[in-house]
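Please open the model in your viewer and keep the selection panel at hand. The stops below say what to select and what is there.

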Amino acid sequence: MSEAVVRHDWTREEVAALFALPFNELLHQAHTVHRTYHDANAVQVSTLLSIKTGGCPEDCAYCPQAARYDTGVAAQKLMEVDDVLARAKAAKAAGASRFCMGAAWRGPKDRDIPKVAEIVRAVKDLGLETCATLGLLGDGHAQQLKAAGLDYYNHNIDTAPEFYGEIIHTREYQDRLATLEQVRDAGLKTCCGGIVGMGETREQRAGLLQALANLPEHPHSVPINQLVPVPGTPLGNAEKLDPFEFVRAIAVARILMPLSIVRLSAGRQQMDDAVQALCFHAGAGSIFYGEKLLTTGNPDTEHDRALFRRLDLHAMEVVEEASTVHADIMEAAPAGCGHGCGCSVAA
Ligand code: SF4
């Protein structure tokens, strides 16, 4: 696959110009890129489990897990290995190829890492790809997680650099970039995206995607979340984003990062099937499925299976090959946080 198509020098003007294309033209360009580098009828299916919910000291304005907001989310401690394993087995049986685990921490403490590593090892032994989203990483954490069998680490940049200060005050944009660097340096694959619909302008949505595309490496997975306003959070009354604007964001992400997998993440439950179909056409190649997105609901498994059948989509499956585990395409149709540090506004 040509590396020539991977650019890291996108200008804001170029990205804004993509957003401004006539809708059908943008979709055509995005779909052309999508089918050039991906199987346009395959969707990678991930399941996300919150392994440590609520009580987070951070102040992300969209997040129901922040202790300072009255959202009814009770703080829980880190789940036991056997309990996580039972959920991972169920996710695999339901057709998931990747199991993402989120913890509502500012970041793990040194003492948390061995326990998370034990969980990662157990999930990996099931033959699932593993992803974790634990917040800011300290020295050596990424290496220890990698050694335990972690495949992906999710850490979102959330929004455009110039809008970030409107959303989060307890950690800097630069902190996020530093954790992403640690993840890359440890040889982990990065999962990194953001959230749209938080009151940002289209220019700022372009800024988010420009920042993602100009990272030193394009993230392997790019979750694009639509804000799910949760009562009790500062964004609880945020105005709903035009669904076609969300589709545009998926399409622009597809064009800017042609080899990455763009994930339709939080907010999918609020989209009707036709909008989801447009997102798949625009280049979304991954979804969360079956489980709850950290604390935000997700369409149930049966509905997703039916949608896949109606759209003739099939799921990717993890296959063992030599000593590596990677996602591959399953030939047969399958049976099937708000988390800035997680896969979404929920993951
Ligand atoms: S998004 Fe993550 S870091 Fe931010 S408040 Fe929620 S759990 Fe904490």
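## From a helix pair to the core

Begin by selecting α8 and α9, which are roughly parallel to each other because their angle falls under 35 degrees (over 145 would be roughly antiparallel, 65 to 115 roughly perpendicular, and the rest oblique). This is a predicted model, in which local features need pLDDT of at least 70 and side-chain atom pairs count only at pLDDT 80 or more, while totals for chains, interfaces and linings use all residues. Residues are numbered from 1 along each chain as its sequence is written.

The axes of α8 and α9 (residues 273-282) come within 8 Å and cross at roughly 20°, where axes are lines fitted to C-alpha atoms, for helices over the stretch in contact, and angles run from 0 to 180 degrees between N-to-C directions. Helices here are DSSP runs of H or I with at least four residues, and strands are runs of E with at least two, numbered from the N terminus. Next, show P243, V247, I250, A251 and R254 in α8, which meet V275, L278, C279 and A282 in α9; contact requires C-beta atoms, placed from the backbone, within 7 Å. By class, this contact has 8 nonpolar, no polar and 1 charged residues, with Ala, Val, Leu, Ile, Met, Phe, Trp, Tyr, Cys and Pro counted as nonpolar, Asp, Glu, Lys and Arg as charged, and the others, Gly among them, as polar.

Now centre on I250, whose contacts, not counting residues up to four places away in sequence, are I224, V262, L264, C279, A282, G283 and A284. Together with L209 and A253, I250 touches the most other members of the largest nonpolar core, which has 97 residues. Helix α8 (residues 243-256) gives the most to this core, with 9 residues. Such a core is a set of buried Ala, Val, Leu, Ile, Met, Phe, Trp, Tyr and Cys residues joined through C-beta atoms within 7 Å.

Move on to α1 (residues 12-19) and α7 (residues 202-213), which pack at an angle of about 120° with their axes 9 Å apart. α1 and α7 are therefore oblique to each other. Their contact is made by R12, V15, A16 and F19 of α1 and, on α7, by residues including R202, E203 and L209.

Finally, select L134, in the loop between β3 (129-133) and α5 (141-148). Is L134 buried or exposed? L134 counts as buried because it has 26 C-beta neighbours inside 10 Å, the cut-offs being 20 or more for buried, 12 or fewer for exposed, and partly exposed in between.

Key. Contact = placed C-beta atoms within 7 Å.
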